[in-house]
Every structure is written in structure tokens, then in C-alpha cells.
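Here is a short report on one protein model.

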Amino acid sequence: MDTMVTKIRTSHGHLGYPVALNVEELAALIASKPHAPLTPSRRARLPQIIFGTLFGRNGLHEFRQPTGLVLLHVTVPADAQAAALQRQRLQQLPETLLAFTDYSRRTLYIVARCMPADGVLPTDPIAYLSHLKLAQQQAARYFEAMTECRVALQEESLQRGCRLCFDAEVYINAGARDLTVLTGLDTLRERYPLARTDRDGITESEPSWADVERERLEYYACVDKAWAKADADEDDPLFGEALVTRLAELCHKAGLPEEACVRRTGAYGRWQLTEDVVRKIFRTAYRRNTSGRPWSAMSEKERIARKVRDFFERRYELRYNVMRQCEEFRPKGIDFHPWMPLTERDINRIGQEQMLDSGAAWPIDIRQYAQSSLTADYNPVHEFLAGCGTWDRRRDYIALLARRVPTTNPNWERLFHRWFLGMVAQWLGYSRDYGNAVVPMLIGPQGCRKSTFCKLLVPRSLREYYIDDIKLDNAEQVERMLCRMALVNIDEYNAKTDREQAKIKRILTERDVQVRRMRSDQYNLRQRMASFVATTNERQPLTDPTGSRRYLCCEVTGTIDTVSPLNYQQLYAQALYELEHGEPTWMSPEEEQLMADYNLRFQSTSTAELLLEAYYKPAPRAKTNFLRAVDILDDLQRRVRGSDRPTMPQLLRALKAQRYDYGALNGQRGWYAQKRE
């Protein structure tokens, strides 16, 4: 193995000469026992291992060669058995190059080689850092999807690594497969670009990783300048405040974003200042008039509105989740902080922070700004699809997914492929007259993992937009669910009443939905997002023969494979590729007839059909064979008792199902039938 890493000996805060170390040598070093007990002071002097970059003899200032290795931090469960299972799953992946734990045994380090699609790593430090940051995100998403572990994203840099750890169970795979980092902009990303709007209403693209890294380097250059011009003693109580004041002025002059500088400065404990003091110093240095107008020339409302907007631009990021139908926020300057729904408690807290920031806004002002159309729309499904990249065309991933279900249906794989394309087209809102009107129905005994397979169809990052059941009692809740959910599983379909099944049949063909927001009397036309699947243990769940062409029945004959890793990026990249190249997303009349013919074995037979079949048979269209439906019903009701007596609607459905001819004679309507001998 020719993969190398950098080992730097540290002692009392000073860095020694970098040493290029073979990964196999590193694994042997990790597996060895330490020569002495590892006290905190000894751990601080252990070598630092840097995986992503090789450095020259001049230390961290001499970028020599990229390695493409990415270090991931995986949180280890507290349960020993769960931790062992998680480690085993990670080690089974062919992309895992190294796996070892830290001293506390609470973090598992995973090392994988991430290469661009062309196989050539960038040699420019800024471009290579952009590659590493994108690789960390995609690798974390991949390992989380494959093993359902938690990967803690870190701020990537060329110097990021970890201390040398001693783990006797270190795992190394000399033939580890490379992870491909997808960087190209496909058609979907161009259709749904990630954009932001500045204070003047001009839309601009998101900053690249190179821009973020350039800002970080410029900030630390300002730190060096501030220290170089410090003329006071460090023991002076005002030294830290004077130094941060100088740093804030330099950062403002360099055009660096205020909030990112505040967070970096607050994390540096040498200043001996609280976060509030640091924030006040930077606010004083960065304060400026708006549009060249003095504050005295503005009304009180304008001053408050501008301060609220300026506060959010500095402190928080906002977006409107069109699936959740709510606002989401996160602190600015923390790229890996999760987005959270903006609740009433958050609005009140932000209002207090704005007042402490010399603002005069109340929570109602904060709410008015956050819940306005100034907040950009965000669709999590579109974001996921935009990040799937390009289909490698090595495998038919949709067919492999369908083959996980053991079945005797000869058309299952082909028709499931068609339904899967229809689901993705439904998410994208492709122009069609109707929605995705087909429902795959898994029919099998308990324990064959039908429901687990349905959940597996949605990537882990979109699981909150998957639901296991549908409540049809409240019509407005059903309409909202059609817009909020990506996939709905009609679990235990046979438990639905005839009325509920009729509602399901109706909503299957809806493409757009009229939704009324709470505490409003206006209806808005919104795109339907949800597609449907169904599961049942009943062997004959279908009751309406006229709607059987809507169901893709699949009799499960074994246990469905839900354990093998699933490459969601390539699965959906294939769907996007086929949609862009004109693959149909709906069933043809011939395919609908195939489904209807196959579904006959799953059609339940009502009491009315059994009685009609026992005592009558279809007859030619002749005057002697003409019978009114009421006469047939009276005859059948005399032959049975109690609850077995059919009703008129049940009899009419039975006559249609058994294909009796319908006609009129002497102004009366009836059916052509003969009594059996």
C-alpha cells in the first residue's frame, strides 16, 4: 500500500519535522502497546497524525502532496454490544481503509480515500481543501446511510488530524475501494439552485469552500497582525480587550463576516473575555449607517426593521421548509449546525438577544420578519436529489432494489421500476395530468419485513417525510399529508373499510391539492408530493374489482433483504438520468391489464358473488332471460338468513364483477341471467 500520512511530533506546544508514514506502519503503531501509562501530559506529547495532506520539511507551511484521505468521527454507542455491532458494520464496508478508537473508546475514527470522478486530486491547496470538505460531507452521508451510525462533521482543514491512539483491534483494509466525490452540476441542480439574497435584494450563489477557507486564513492573518502590534503587557487586565478591539478593526477592514469572526474569537480562550464582551467590541467596530442615510432621518419603525434585518444577516440563517410548511433557522458561521424549526420559544430568545445587541425590537417584530416571504424557500427532497450526482451506469440499482423482494410475480421488477420513476417524477412536479396513481402492495405473512422494506425506499435524510399509516377521518389532514410526505405506507391495507378504500382510490389520481392553512379561510393550490405503498397479511385484500389496476400486487414468498447496504445516491441518480432521457413514468394500458389479470388471485369474493354464482349464471340477450335486479335480490335473500343476506349495492357489484349483460326491456332495466338447475 502506497498511501502515506503525515506524522508530526509535538512537544510542549512546538511542532517537530513532519514524517511521511505508510498507512500499514501507522496501523501497526496503533495496534502496539504504549511504553508507559498515558497520563494527560504524555497524551499531549503524542504525535499528531494528519491524513489528508503530506507536508515538507518546513512543517505545516509547506504543502507537498495531497493524499485524498478523509478522517471521520463516529460516535460509539454506550451499549457494548451495540458498539461492537456498529464497528463490525463499518469494517464490512469495502470503502473503510482504517478503523480505530480513541483513548476514551467513545469515538471511532474512520479513514477513507475520497477521489474526484476523474481520479486526479487537485494540487492547489485551496482547490484541494474544497475537495476535502465536499468529500467529508459525502463520505459522512454514505457511512450513515450504510450503517445507520452517527458521524460528527468537523471543520475541515489541511492540518486536521488526531493524536496517535493505541487500539489493539485496529482494522486496516489494504484493498479498500475509493469513494467517488461528485462535484459536477447536473440538470436538477441547475433547475433548483442553492441561492441566497443579500440586503439589497440581489440573488447570489452560495460561497464556495475556497471562499470560506480564504476567509479563515485572512482571519488568522488579522490575528497575527493584532499580536504583532500589541504594545501592552499580557498581565494588564485591559490587554485582552485592547487586543480584540484591534483585531475587530482589522477584520472589518479586511471585509470579513462579523459573526464568523465573533465565533472564532470567542472560541480562543487566551483573550480572557466573555462572549458578550467580544460581541460588543465587534459590533462597535462593524456598525455602519444603512444606505448612507443617518439614523436620525429614519422613523422609529424603519430603524427597528433595519436593525432586525441586520441582526439576522449577522447572527442567523433562515429558510422556509416547503415540506414542513414552517420556518427553520441555525446560527450563522457554523456550517455543520443542524437546522431547527423556529418555535415560539426561539422567537422570544432571539428577541432577547436582539435587545442585548442594542436593538429595540420585540418578538412580534422578529416573527414578522422571519415569517415573511423574505425568507427563501427550501425543499429538502430537491436538495437531496440535486446532490445525488451522475449515474455510473455500472448497475441497474432500481432492479437490484426490486430483487430484494422474493416473489412469484413475473412482472414485479419491471413494473416496480416504472412505479419508482413515477415516485421521483411526483417529487419533482413533472407536468402530468394525474399524480402517481399506482400503489405497490406487498402481500405476505408477518415477519417478512414488508414495512421495513417500504421505509428503506426513502433515504435516511428524508425519513421524517415517510409515514407508516394514513388516517382518513379528517379530510384536511389528508390533504396536508399529500403535500408534506414523500412516501406514505398504507399499513394493514385489509383493515381499511370500503369507504376508506374509496377515498384512497380518489386521492391516488390527484396531482395538485387544495390546502387550507390553520386559522385561515383561504385555500392554496399546492403540489402533491406523496406517493403510496401498501402492506397486508391478508391473502385477498382487494375488494373493488374496478380499482384493481391501481395496485401492483406482490406476493412475498420469503424474507425481504433489508440488511444489505443500499447506495441511495446511485439509486436516485439512475432515476434522474432515466427521467431526463424520457423514460415513461406511468403504466401503459397493456401493463395495467397485466396488473389487473394478476390481481384476480388477490380479489376477495363477497357473499353476494358466492350466492350469485351458486344460483345463477350469465345468459344470452333474450327476452326469456331478462330479470330485474330486485327480483334476483328477493330470490337470493329467501335462500339465506341473517347477516348473509346481500344488499342491492352488493348485488350490483357482483353482477358487474361476473360480467352479466345489462339492458332494458319494455321500459324496465335489468340483467340477462338464468337460474342454475
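Where is the place of Glu 492? Glu 492 sits in the loop between strand 21 (487-490) and helix 18 (498-507). The model is predicted.

Most residues other than glycine have a negative phi. Glu 492 has a positive phi, near 55°. Its relative accessibility is 33%, so Glu 492 counts as partly exposed. Arg 449 is not a glycine either, and its phi is positive at about 70°. Arg 449 lies in the loop between strand 19 (439-443) and helix 16. With a relative accessible area of 37%, Arg 449 is partly exposed.

**Nonpolar cores**

In soluble globular proteins, nonpolar side chains tend to be buried together. The largest nonpolar core here holds 51 residues. Phe 416, Phe 420 and Tyr 572 touch the most other members of that core. Elements that give two or more residues to this core are helix 13 (380-386), helix 14 (397-402), helix 15 (412-428), helix 16 (450-456), strand 25 (551-555) and helix 19 (568-580). Helix 15 supplies the largest share, eleven residues.

Which residues does Phe 416 contact, leaving aside its neighbours within four places in sequence? Phe 416 is in contact with Ile 398, Leu 401, Ala 402, Phe 453, Leu 457 and Leu 552. A second, separate core has 32 residues. Its members include Ile 8, Ile 110, Met 115 and Ala 135.

**Strand 15 and its partners**

Strand 15 (residues 316-321) is mostly covered, with five of its six residues buried. Strand 15 pairs with strand 16 (residues 326-331) in the antiparallel sense, over six bridges. Within that pairing, Glu 317 has Arg 330 in strand 16 as its bridge partner. The hairpin of strand 15 and strand 16 has four residues between the strands. In this hairpin, Gln 325 takes a positive phi near 60°.

Strand 15 also pairs with strand 18 (residues 377-378), in the parallel sense and over two bridges. Here Asn 321 has Tyr 378 in strand 18 as its bridge partner.

**Salt bridges**

Side chains of opposite charge can pair when their charged atoms come close. How many salt bridges does the count come to? The count is 29 salt bridges, taking a nitrogen-to-oxygen cut-off of 4 Å. Three of these pairs are tabulated.

| Asp 178 | Arg 113 | 2.8 Å |

Asp 178 is partly exposed, with a relative accessible area of 36%.

Glu 555 lies in strand 25 and Arg 539 in the loop between strand 24 (531-536) and strand 25, so their bridge ties together parts 16 residues apart in sequence. Glu 555 is partly exposed at 21% relative accessibility. Arg 539 is partly exposed at 44%.

Arg 628 is partly exposed at 33%.

Salt bridges also form a network. It links Glu 259, Arg 279, Arg 315, Asp 346, Arg 349 and Glu 353.

Notes: Residues numbered from 1 in each chain as written. Predicted model: local features only at pLDDT ≥ 70, side-chain atom pairs only at ≥ 80, totals over all residues. Heavy atoms only, no water. Core = buried A, V, L, I, M, F, W, Y, C linked by side-chain atoms within 4.5 Å. Buried < 20%, exposed > 50% of the residue type's maximum accessible area, 1.4 Å probe, protein only. Contact = heavy atoms within 4.5 Å. Pairing = 2+ DSSP bridges. Salt bridge = Lys/Arg side-chain N within 4 Å of Asp/Glu carboxyl O.
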